[in-house]
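Good morning, colleagues. I would ask you to look at the next structure with me for a few minutes.

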Amino acid sequence: MMTYAPLRLEDYDISPTNGFLPTKPPLKRLLDPYYEPWEQIMDRFNQYLLAHHIRPLVRKMPVLDTSKLTTEAEYQRAFTILGFMAHAFVWGRNGAVSEPASEFLPASISIPWVTVADYLQLNPVICCAAVCNWNWQILDENAEDLMNIDNLGTIHTFSGSMDESWFYLITTAIEAKGARGLNAILSAISGVENNNTELVTHALNEIAQSLNEANHILERMYERCDPYVFYWKIREFLAGWENMAEAGLPYGVLYEGVDDTDTFSLDNWQSLIRRFRKYAGGSAAQTPLLQAFDIALGIKHFPTGHLGKQSTVAEARNRLREQGVPEPPPANSYLVRMRDYMPSGHRRFLEDLAATCRIREYVLLSCPDTLMHMGNASDPRVALRHAYNDCVGLLKAFRDKHIMIVTRYIIMQAKNGPSITVRPASPVSNHYIPRAEQSQALTQASAHPPCGGRLGGDSLPADPTMYPQTNTGSSHVVSKSTTGGCPVAAASAGTSTSLEKGRLARKINDNSVVRGTGGTDAIQFLKQVRNETAHTKL
């Protein structure tokens, strides 16, 4: 039998005041002049994206060494801005209708991004932490409630729109208010270990208040985030490269300079394709707060499309007897995988919480059905069970609201189609500055664009001595007379000339599956998670 050891939020990089958000606001800039090539792009990021300059600018950007990053906040800042640039590069399309999503991520982003991601123990792709946890600022330092959503602003967005800022801030504010619930969870665990019914009941009431605040914040999504703007102008940038064949990424994305892409020839395309990476994009399933509430309340989730049962009285009794016997992880593989998109400390917290928390078992055995049926409201054990059920009901209500938002912001938009007709964009210059020795090769290749739109080794950095690790001595321009020789391009090419071909934001028919940015069948997954929550009520 293991000895009970209380969990401390600080041991998992969790703030007692801000929850899974940093205690101090995230950095707005990396102050070391060495990182100015990144920051200069971010200074005018929205303008560059609007003017179709992101891809050529990123191609010209030097490969920076991440060893000059020294603090956790600097690593978080680096991860976030590299993520914005990476997703703008992949999905930005340079404004040209004929230009597909990029299946290649240049070394100027992929090398430092993977290094930073490894340090933070995250997947190198946009995630909830990047756009919500590490992307906020306080507007009025003298405000009574610093973390009130009306006192928060974003640092970066793709679109530069109020709608996108509000979309992120809703999650940011929920995470901040979730700190109350996290502290209450630890208090409830202490009450269970000491058989203190009154303490557990009080803690459950605190969790209910935290969930109630989360519900009120989520309801405010409609105030300043327009469904049309979100679906057609914002959502695509948050997508990853998993299950995105319909959006133009059948194999995922190749991280140049990380996966040794320059050693491959497209004649050996099977080996090349195995090097492509597939990651889910930003998803609400990546917030550790909801998974923490699931664990605290003993809510079990099962593989999508499969029915399961919540824990029985016998199972509850066994877990209470054997301290240290962990609650098994969610059987829903998607929820388990989403933990790989959480900061490492938060992921460890969920694992340790599952090994420690037995609140549902305690409630189930303290107040059996026979006692509830007697209707003695003054009995502390009955009050305990009511407090538990209130928490389950509020979490179920939160997930109901989430389903309504997904329906309005994604499903309805996809089925209604765009409200305006968009004309194809005019061809846009890449502002590409080749080296002298490349000019002839590029001229010959211009009639046959490189597979995936890739142009390697684009230009010299502004100061080669400052960034010596930038590979300026090699250039790999691959050309094919037809897409038939390159399955990567062939899979993205199609016979349709529709503006929506190969895009995540597009009109669908009634029978098509609408995928979330995480790559799942959004509604099926969310409804099952909601129903499993409801079935946990005692």
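The model is predicted, so local features need pLDDT of at least 70 and side-chain atom pairs count only at pLDDT 80 or more, while totals for chains, interfaces and linings use all residues. Residues are numbered from 1 along each chain as its sequence is written, and side-chain values use heavy atoms, with hydrogens and water left out.

Let us begin with helix 7, residues 162–193; helices here are DSSP runs of H or I with at least four residues, numbered from the N terminus. Its 32 residues reach 47 Å from first C-alpha to last, close to the 46 Å expected at 1.5 Å a residue, where the expectation is 1.5 Å times one less than the number of residues. Helix 7 has a kink of about 35° centred on A179, the bend being the angle between axes fitted to the seven residues ending there and the seven starting there. Of its 32 residues, 24 are buried, so helix 7 is largely enclosed by the rest of the structure; buried means under 20% relative accessible area with a 1.4 Å probe, protein chains only. After helix 7 comes N195, with a positive phi near 55°.

T197 lies in helix 8, residues 197–219. T197 is buried, with a relative accessible area of 18%. Leaving aside neighbours within four places in sequence, T197 is in contact (heavy atoms within 4.5 Å) with Y362, P380 and L384.

Definitions and conventions
Helix = DSSP H or I, 4+ residues; strand = E, 2+ residues; numbered from the N terminus. Buried < 20%, exposed > 50% of the residue type's maximum accessible area, 1.4 Å probe, protein only.
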